[in-house]
Amino acid sequence: MAYDLAGKCVYVAGHKGMVGSAIVRRLEGEGCEVLTADRSVDLRDQAAVRDWYAANRPDAVVVAAAKVGGIMANDSYPADFLYDNLMIEANLIEAAFRNNVEKLLFLGSSCIYPKMAPQPIPEDALLTGPLEPTNEWYAVAKIAGIKLCQAYRRQHGCDYISAMPTNLYGPGDNFDLQSSHVLPALIRKAHEARETGAASIEIWGTGSPRREFLHVDDLADGCVFLLKEYSGEEHVNLGSGIDIPIIDLAEMVCEVVGFEGTITTDVTKPDGTPRKLMSGDKIAAMGWKPKIALREGIADAYRAFLNGEGKR
Ligand code: GFB
């Protein structure tokens, strides 16, 4: 039975982030009222979250709030990535139950899967092997979020679902080179190298790991699709179905940005997991597919970067 969003109050937690803001934009055409909480509500604080729900009474919730970052940020701040994410998701999910929220969508990450999972990775590969060490703290928190949704569904009959997005990019991304993911980092590096006339840009690791990328507007579309169409215990992968070696991604970004120099590698930096292409069979069978090709999406992300959008 489809969940009709029309006339509902939908709370998007994390609306200032790249993912949350894309979901808010996407919900505009759904005839629902979008609720957001301002930064004064610390989502790690149980009492603050309970008070906000009691005052605002959402019908549906999207858990897009999280502490996120690229490979170095994950590796450098394990306590923050584990504690902050556990608290945020536990508070948002428990308060949803207390306030009779009808539908909740929790967003995780493709790093929940074992480092050596079969490729493309099916949903049932979860918890079948050891995690990638650079991001196991974040992954453990996200696995706990999936399990919380399943537990509230089993014990209390709550219609809480989970989606696992692949590596995301797009307008509103984080372009800070220490904490960002690879795609915004490459956009900034190529842009600054072109502006300064540098001969080369440096990428982290060997360039051989493969990653799958999804534009955040496609992600938002997939999230709204799942909110309306899916009600099941198992999480659902949300990806583009195509992965690419980091060195090829770097070349594509340089082409889009117009940087014609060379690309060097810093092998003292970690590669992380060798490959994490997710299987999109489950959501494809439900009738959803992404629309934005990688090169087109990179051009859109670069336009947003030039426009001053996102974090520097
Ligand atoms: O995007 P990224 O930081 O995250 O890195 P992960 C992807 C790959 O790009 C790694 C390489 O092999 C990096 O070594 N890379 C090359 C770079 N140059 C750069 C650069 O300038 N900056 C960055 N950041 N990487 C994250 C997880 O893993 O993915 C999170 O740590 C989360 O938990 C997220 O799951 C989606 O794909 O390795």
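Colleague: Is R26 buried or partly exposed?
Modeller: This is a predicted model. In it, R26 counts as partly exposed, at 24% relative accessibility.

Colleague: Which residue does R26 form a salt bridge with?
Modeller: With E30; the closest N and O atoms are 2.9 Å apart. E30 is buried, with a relative accessible area of 14%.

Colleague: What network are R26 and E30 linked in?
Modeller: A network of salt bridges that also includes D221, K228 and K291.

Colleague: How many salt bridges does a search of the whole structure find?
Modeller: It finds 23. One of them joins the side chains of K103 and D159, at 3.2 Å from N to O. K103 lies in strand β4 and D159 in the loop between α5 and β5, so the pair ties together parts that are 56 residues apart in sequence. K103 counts as buried, at 2% relative accessibility.

Colleague: New topic. Where is E212?
Modeller: E212 is in strand β8, residues 210–215. E212 is buried yet has no salt bridge. The nearest side chain of opposite charge, R275, is 8.8 Å away.

Colleague: What does the side chain of E212 reach?
Modeller: The backbone nitrogen of S240, at 2.8 Å. E212 also touches other residues, including T166, N167 and K276.

Colleague: And the sheet: in what order do the strands come?
Modeller: β6-β8-β10, an open sheet with mixed pairing. β6 and β10 stand at the edges with a single partner strand each, so one side of each is left without a neighbour in the sheet. The twist averages 50° from one strand to the next.

Colleague: In what sense do β6 and β8 pair?
Modeller: Parallel, over 3 bridges. L168 has L214 in β8 as its bridge partner.

Definitions and conventions. Residues are numbered from 1 along each chain as its sequence is written. This is a predicted model: local features need pLDDT of at least 70, side-chain atom pairs count only at pLDDT 80 or more; totals for chains, interfaces and linings use all residues. Side-chain values use heavy atoms; hydrogens and water are left out. Helices (H or I, at least four residues) and strands (E, at least two) are DSSP runs, numbered from the N terminus. Buried means under 20% relative accessible area, exposed over 50%, partly exposed in between (1.4 Å probe, protein chains only). Lys and Arg count as positive and Asp and Glu as negative; His and the chain ends are not counted. A salt bridge is a side-chain nitrogen of Lys or Arg within 4 Å of a carboxyl oxygen of Asp or Glu. A polar contact is a pair of N or O atoms within 3.5 Å; within protein, one must be able to donate a hydrogen and the other to accept it, and residues adjacent in sequence count only if both atoms are side-chain atoms. Contact means heavy atoms within 4.5 Å. Two strands pair if DSSP finds at least two bridges between them. Axes are lines fitted to C-alpha atoms, for helices over the stretch in contact, and angles run from 0 to 180 degrees between N-to-C directions. Lists of a residue's contacts leave out its neighbours within four places in sequence.
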